[in-house]
Amino acid sequence: MLSGYGIIMLYTEILNDNKDFLALYRNGRYIASEYSVIYVRPNGRPYNRLGITAGKKIGNAVHRNRAKRLIRLAYRQAELSLPIGIDLVIVARSRLTEISSSEYCAYMDSKGVPEIERCARKMMKK
RNA sequence: UGAGCAGUCCAUACGGCAGCGGGAUCGUUCAGGUCACGAGGAAAGUCCGGGCAUCACAGAGCAGGGUAGCUGCUAACGGCAGCCGAGGGCGACCUUAGGGCAAGUGCAACAGAGAUAUACUGCCUCCGCUUGCGGGGGUGAUGGUGGAAAGGCGGGGUAAGAGCCCACCAGAGUGCGGGAGACCGUACUGCUAUGUAAACCCUACCCGAUGCAACGUCUAUUGGUGUCAGGUAUCUUAACGUCUGCUCGGCGGAUAUCUGGCAAUGACGGCUUGAGCCUUCCGGCGACGGAAGGAGUAGAUAAAUUGCCGUACACGACAGAACCCGGCUUAUCGGUCUGGUCACAUU
RNA sequence: GGACAGAUGGCUGAGCUGGUCUAAGGCGCACGACUGGAACUCGUGUGUACGUUAAUAGCGUACCGAGGGUUCGAAUCCCUCUCUGUCCG
């Protein structure tokens with residue numbers, strides 16, 4: 001239903017309200033690595049919501065754009081294997097600009113997705 | 001051949017697969033297919049100048065801000081071009097906030113006798129006597145200090161000295177000649193005037209304020225808030241509000257309360273063809289102007305150009321549009337071409 | 001995106017109508033006094049780098065975010081950058 005929106009394909013909307021970001025930072029679970037920090041929280045909706053943060057620390061506008069692209073790419077590839085009905089915020093870290101996209105996709109496949117699933121399941125039970 | 005100077009242009013290229021943004025079109029009302037297009041020379045810093053929009057417009061003055069050789073170019077500029085002066089370089093050429101302290105005021109620490117006017121050490125002379133001291137006068141050459149000591153240097157002159165006089169140089173004024181002008185050249189006069197205006201200031205010229213989160217249209221909720229209109233009560237012709245900060249002046253009577261409308265939220269518009277770019281010709285030393293012809297859809301809104309693979313080489317820097325232009329400044333791996341200069345060699 | 005502020009020792013914070021006499025003052029730190037021992041209080045000292053030196057002493061030079069300029073002289077005035085922070089109907 002939201003495919004016309006572009007960036008994200010199937011079940012995902014863009015998260016763009018500052019309140020939602022703050023709520024996730026406070027109440028969500030997080031998975032940290034040297035490339036990124038992923039915040040997860042169930043939202044009780046029939047679709048997912050994704051937010052990306054690329055702060056000033058990462059570098060100039062070119063580097064920030066690259067970080068966002070990499071995260072979007074990785075999310076798109078991992079989307080089908082994710083549970084539906086969660087909010088995600090991915091915060092980029094400065095190491096992310098130094099690696100290639102395949103490296104980050106591999107990380108998401110092997111570690112990111114299972115961790116997100118685990119966190120989501122735990123919080124759903126509550 | 002080497003060194004160096006000034007400027008122009010380019011910003012890895014090509015192919016394959018997957019993907020993104022708005023648009024057109026097919027299809028159908030919702031998936032999707034097809035097509036072409038899709039970041040920069042600085043998109044940056046926000047340092048200037050405009051366009052555009054809203055507010056205010058009877059204006060006038062002061063304050064405040066900016067610019068600073070001249071002539072031009074331009075929509076405009078603190079930009080650019082040419083020229084002048086000063087400084088640097090053998091040279092091509094480069095640098096230059098470059099009006100006025102000779103209108104007034106201020107400041108100039110320390111040092112030094114003395115800092116914008118003086119007399120410590122001196123030099124000369126007169127008087128007195130205890131004969132190397134005291135007093136009067138002349139002088140600003142000498143000594144040291146300082147960023148700066150009353151134009152500089154040499155000669156004449158003198159008791160000693162001094163633009164007191166003379167030559168040359170620097171500066172000022174006046175006349176004449178040249179130039180569009182900044183200025184340049186020259187003659188005479190006069191006898192000289194410290195630095196600082198990126199100190200106040202003076203002179204000339206320019207400047208209304210706010211910025212696309214401007215602003216316009218539609219729309220949900222109306223409790224408070226703001227604002228506009230009307231009613232009621234109170235106070236009065238001076239206050240208050242507003243017009244840029246102030247003054248004059250103009251406009252609105254003001255405050256409280258009640259009723260009604262509007263605003264916010266969200267969406268859409270503003271949003272991209274523009275003082276635009278390229279080529280040729282004409283005018284101009286040039287910036288630039290004119291004419292003819294040609295090419296050409298970035299317009300997002302947590303924000304689009306990417307990921308992977310292959311080939312080639314110089315192994316790829318700085319860096320991402322957010323209303324739009326003209327500059328300036330700063331960052332930048334390198335490459336390309338053009339025009340001068342100097343040195344050496346050969347002819 | 002736009003409009004504005006600021007940057008001074010380890011920390012805080014004056015100096016910003018240029019002057020050479022020290023970059024005030026407070027906190028902190030070190031040492032000493034007070035005490036049986038501490039705290040409080042009082043006193044003295046205390047930035048960094050380089051050079052000199054046997055030397056941790058003393059002396060000299062430089063440094064007020066960075067780099068230029070004006071000036072005899074700059075923390076102060078002017079210009080260009082860097083960084084930090086604030087505001088937006």
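## A guided tour of chain A

In this predicted model, 79% of the contacts in chain A between residues at least 6 apart in sequence join residues at least 24 apart, where contact means heavy atoms within 4.5 Å. Residues are numbered from 1 along each chain as its sequence is written, and chains are lettered from A in the order in which they are written. Local features need pLDDT of at least 70, side-chain atom pairs count only at pLDDT 80 or more, while totals for chains, interfaces and linings use all residues, and side-chain values use heavy atoms, with hydrogens and water left out.

Start with a cartoon view of chain A, which has 3 helices and 5 strands, arranged along the sequence as β-α-β-β-β-α-β-α; helices (H or I, at least four residues) and strands (E, at least two) are DSSP runs, numbered from the N terminus.

Next, select residues 61-78, which form helix α2. Its 18 residues should span 26 Å at 1.5 Å a residue, and the end C-alpha atoms are 26 Å apart, which agrees; the expected span is 1.5 Å times one less than the number of residues. Within α2, show the side chains of Ala67, Leu70, Ile71, Ala74, Tyr75 and Ala78, which are the buried residues of this helix (buried means under 20% relative accessible area, exposed over 50% and partly exposed in between, with a 1.4 Å probe and protein chains only). They cover an arc of only 130° around the axis, which puts them on the same side of α2, the arc being that of the directions from the helix axis to the C-beta atoms. These buried residues pack against β1 (12-14), β4 (48-53), β5 (86-92) and α3 (101-125), whereas the face turned away from them carries the exposed residues Val62 and Gln77.

Now select Ile31, Ile38, Val40, Leu88, Leu96, Tyr104 and Ile116, which touch the most other members of the largest nonpolar core, a set of 28 residues. Such a core consists of buried Ala, Val, Leu, Ile, Met, Phe, Trp, Tyr and Cys residues joined through side-chain atoms within 4.5 Å. Helix α3 gives the largest share of this core, 8 residues. A second, separate core of 7 residues includes Leu15, Phe21, Val37 and Val91.

Finally, select Tyr30 and Tyr39, an aromatic pair that is tilted, with 5.9 Å centre to centre and 45° between the planes. Rings of Phe, Tyr and Trp (its six-membered ring) pair if their centres lie within 6.5 Å, and planes under 30 degrees apart count as stacked, over 60 as edge-to-face and the rest as tilted. Tyr30 is exposed, with a relative accessible area of 57%, whereas Tyr39 is buried at 16%.
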